[in-house]
Amino acid sequence: MSYAQRKEMSSNRTVAIIIVALIHLVLGYAIVTGLAYNVIKKAAEDLKTFDVEEEPPPPEEPPPPPEKTEVPPPPQVVAPPPIVRTNTVAPPIVSTPVAPPPVITPVARPAPPAPPAPPPPRVSQAAKAKGNLPSLFSTDDYPPSALRNEEQGTTAVRLTVGTDGRVAACAVTSSSGSTALDNATCNILKRRARYSPAKDQAGNPISDTDTARIRWQLPQD
């Protein structure tokens, strides 16, 4: 076989290989394309939309039947037995005298004895009148009622002299026989008489008593 023939055969073999390769490619592409189409078509069929029907709600349970309440039968009216009148005799009333309750007389309890009065302070210096007591009186002091009745006499009094030297109290120990003259005697001495008060052993002024006699005599015309 010549070189030219061998070269021609090599060329034909190459062409044949290329043609076979192309055929394989076409067949492979066709196979792949067909399979892909079938897969896509199958997926599309599977993905077809469908209506989803909601399940209806469960039926409501019927309410329970009402409870039967037994109504008690009405009470039977029973007629009262007839009233039988019997003549009864009232028992006699016996009154028993009741003794009055004893009278309880409360017994007054004797009052507790008063505590003894403290002894009066001892007078170391007696009260002394400043001046003559009869000189405190004048004819103008004669009570008008005593003048009209022509009353006169001597009034004796006991005076209580306070710590301030004034007459604190006056008591008639012997009356002149005229109330007007006795009252005038005490009133004038209480207003006008002044004393040096009495003193105790410590030199403190204390109360004391004094006596006086005042003679009332009608003035001469």
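The entries below cover the aromatic pairs and then the nonpolar core.

I am working from a predicted model, in which local features need pLDDT of at least 70 and side-chain atom pairs count only at pLDDT 80 or more, while totals for chains, interfaces and linings use all residues. Residues are numbered from 1 along each chain as its sequence is written, and side-chain values use heavy atoms, with hydrogens and water left out.

Aromatic pairs. I searched the whole structure and found 2 aromatic pairs, where rings of Phe, Tyr and Trp (its six-membered ring) pair if their centres lie within 6.5 Å, and planes under 30 degrees apart count as stacked, over 60 as edge-to-face and the rest as tilted. Phe137 and Trp216 are edge-to-face, at 5.4 Å centre to centre with 85° between the planes. Phe137 sits in the loop between β1 (128-129) and α2 (144-148), and Trp216 in strand β7 (residues 208-216), 79 residues apart; helices (H or I, at least four residues) and strands (E, at least two) are DSSP runs, numbered from the N terminus. I noted Phe137 as buried at 15% relative accessibility and Trp216 as buried at 4% (buried is under 20% relative accessible area, exposed over 50%, partly exposed in between, with a 1.4 Å probe and protein chains only). Tyr142 and Trp216 are also edge-to-face, at 5.5 Å and 90°.

Nonpolar core. The largest core has 21 residues, of which Leu133, Leu159, Leu189, Tyr195 and Trp216 touch the most other members; such a core is a set of buried Ala, Val, Leu, Ile, Met, Phe, Trp, Tyr and Cys residues joined through side-chain atoms within 4.5 Å. I found that α3 gives the most to this core, with 5 residues.
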